[in-house]
Amino acid sequence: MCGIVGFVGKSEASPILIEGLSKLEYRGYDSAGIAVMENEDLKVIKCKGRLANLQNKLNECPIKGEIGIGHTRWATHGEPSDVNSHPHSNGKGTVSVVHNGIIENYLYLREKLMSKGYEFLSDTDTEVIPNLVDYYYDGDLLEAVMKAVSKMEGSYAIVVISTKEPDKLIAVRKDSPLIVGVGKEEYFIASDIPAVLNHTRDVYLLEDKEFVVLTREGIELFTEDREKINKEIYHVTWNADAAEKGGYEDFMLKEIHEQPKAIRDTMTSRITLNNPVVLDKINMEESYAKNIEKIYIVACGTAYHAGVIGKYAIEKLSRTTVEVDIASEFRYRNPIINDKTLVIVISQSGETADTLAVLRESKRKGCRVIAVTNVVGSSVSREADDVLYTWAGPEIAVASTKAYVTQLIAMYIIAIHLAELKGSTKTEELEEIKKEMLKLPEKAEEVLKHKEALQKFASKTYMHRDMFFLGRGLDYAVAMEGSLKLKEISYIHSEAYAGGELKHGPIALIENGTVVISLLTQRELQDKMVSNIREVVTRGAKVMAITSEDNKNMEKIADSVIYIPKTLDILSPVLSVIPLQLIAYYMAKQKGCDVDKPRNLAKSVTVE
Ligand code: F6R
């Protein structure tokens with residue numbers, strides 16, 4: 001959600017900070033600001049709105065200096081406003097801070113500081129930090145930051161700059177990501193890698209409570225006990241272009257088109273024919289797999305929808321009971337879990353607060369936790385017992401697309417792995433699934449060819465205020481994802497229903513002209529779904545059907561049909577979701593919506 005960038009070097013800091021922040025715009029924000037050291041004087045410019053507003057202010061009033069910090073804020077404490085924007089400073093203007101996360105005990109700290117004469121201007125929790133640092137400063141900035149941090153409860157990634165020691169930046173994190181970029185005589189700090197990629201590919205991934213001091217001379221890392229840390233550099237292999245639009249109109253469209261590659265990459269070196277699946281970071285013994293009593297898959301939003309498919313796949317292949325739950329529900333219902341429960345958390349960002357809380361609570365109760373995530377070095381990847389990375393590459397658009405399909409691949413891989421360990425499904429059947437999985441990238445390319453038909457459908461239907469998605473079995477799980485995608489980027493209200501539920505209420509809403517998008521890819525459930533479609537057609541609904549290419553009958557019943565290549569029923573979600581993503585995309589474009597940054601949403605939800 002919020003974005004952080006810091007720079008120390010021999011170039012002008014302001015343009016580097018603005019450029020870095022622009023690479024983090026995808027995280028969602030409502031205000032932005034920078035603080036730059038100009039001749040040992042701390043200059044702060046910040047304002048509500050987009051980065052362009054900040055740039056205009058800077059044009060009117062440029063700041064010259066080679067060390068500074070910047071921030072894009074997504075409001076939590078206090079409404080979006082100039083005064084609530086970061087950086088925040090102490091009253092004397094000697095310390096400025098940018099912060100991601102929430103300081104839970106800020107009211108207490110604020111009162112304490114006020115009783116000592118400190119004054120506060122904003123409604124934010126962040127403002128206590130520069131004042132605390134000022135309060136503790138006694139000739140050693142690192143010491144002051146360490147003391148301030150020791151008083152703070154909650155989650156944070158912070159970067160501090162001060163006129164007291166104007167040649168350095170000091171940063172630390174807890175439960176909120178922070179990376180250090182290592183350039184040539186220039187150093188960066190950021191909440192996410194794309195912010196530094198135009199300058200360097202060598203980064204340090206900071207762990208919780210690691211302090212870093214950045215100066216022109218280099219970087220020093222310390223534990224909270226001020227012991228020096230030696231850390232390995234992580235070399236980023238994807239280039240800056242991977243985080244840019246690459247010729248597409250929007251990141252979302254680019255990411256939809258990257259799905260064949262993302263699917264292939266996620267299977268690479270893991271799925272090969274006539275071999276068990278290879279899982280680099282999962283070390284599960286056969287005896288452990290055989291003793292699992294229950295599996296929970298827990299996640300939020302789109303990742304949760306991937307989990308629903310995971311339930312079908314894992315139960316079918318490994319014959320283990322699987323429950324799927326929403327992280328924000330699971331964490332507060334005292335679930336019955338123990339060392340015989342395997343918990344799988346799915347999170348694209350690896351930083352979602354509720355998912356992370358589930359991971360921690362599950363571990364506390366003795367469960368083994370597998371994390372499925374797209375971000376190397378993310379919090380869930382570090383804290384889980386095992387990790388399965390989805391190799392989708394950076395996902396910039398707020399609406400998840402390529403991360404979702406790779407999460408599905410991860411679910412199949414885990415299902416096959418468990419089945420192989422337990423011997424619960426015949427080898428020939430597993431081999432057949434692997435063979436078909438390896439064909440999915442090509443088949444996904446085929447589905448993308450329906451773009452124009454889907455665009456036409458969108459141009460005819462985008463004025464509707466409500467739509468329905470129908471499916472049974474795995475198709476129902478995909479319908480839920482299609483409905484979420486449509487809502488979040490086009491702001492068209494939609495609901496997904498299991499076909500069998502129609503008669504139990506929702507059919508009352510069907511009237512002349514109601515748009516129903518139905519999925520029919522599950523052979524055993526096809527006839528039942530056809531009956532459901534007839535029920536809505538009789539009541540005047542306009543039906544688009546998404547079905548397998550061998551099901552030509554649908555043309556007689558539905559108003560329009562999109563065919564996906566034949567595959568195994570269990571794998572069809574990877575293909576059938578693509579038309580739904582494109583429908584949502586084109587509807588949103590028709591309505592003139594900002595598809596990459598839908599209103600009220602943020603890419604990474606690091607607070608509850
Ligand atoms: C929807 C979407 C969200 C995320 C959810 C979880 O398109 O992207 O619903 O899936 O916020 O995020 P992660 O996967 O980062 O934990």
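## Contacts of Y404

Y404 touches T302, H305, A306, I309, V478, E481 and V577, leaving aside residues up to four places away in sequence. Contact here means heavy atoms within 4.5 Å. This is a predicted model, where local features need pLDDT of at least 70, side-chain atom pairs count only at pLDDT 80 or more, and totals for chains, interfaces and linings use all residues. Residues are numbered from 1 along each chain as its sequence is written, and side-chain values use heavy atoms, with hydrogens and water left out.

Y404 sits in helix α13 (residues 402-422). Helices are DSSP runs of H or I with at least four residues, strands are E runs of at least two, and both are numbered from the N terminus. The relative accessible area of Y404 is 0%, so Y404 is buried (under 20%; exposed is over 50%, partly exposed in between; 1.4 Å probe, protein chains only). From Y404 to T302 the C-alpha distance is 6.6 Å, across 102 residues of sequence.

## Second largest pocket

A pocket is an open set of points on a 1 Å grid over the protein atoms alone, with protein on both sides within 12 Å along at least five of seven lines; lining residues have an atom within 4 Å of a point. Volume is the space filled by probe spheres set on the points, which are joined across faces, edges and corners.

α16 contributes the most to this lining, six residues. α9 (301-318), β17 (341-347), α11 (353-364) and α16 (474-490) each supply at least two. By class, the lining has 14 nonpolar, 13 polar and six charged residues. Nonpolar covers Ala, Val, Leu, Ile, Met, Phe, Trp, Tyr, Cys and Pro; charged covers Asp, Glu, Lys and Arg; the others, Gly among them, are polar.

## Largest cavity

The whole structure holds five cavities of 30 Å³ or more. In a cavity, a 1.4 Å probe fits but cannot get out. β6 gives the largest share, three residues.
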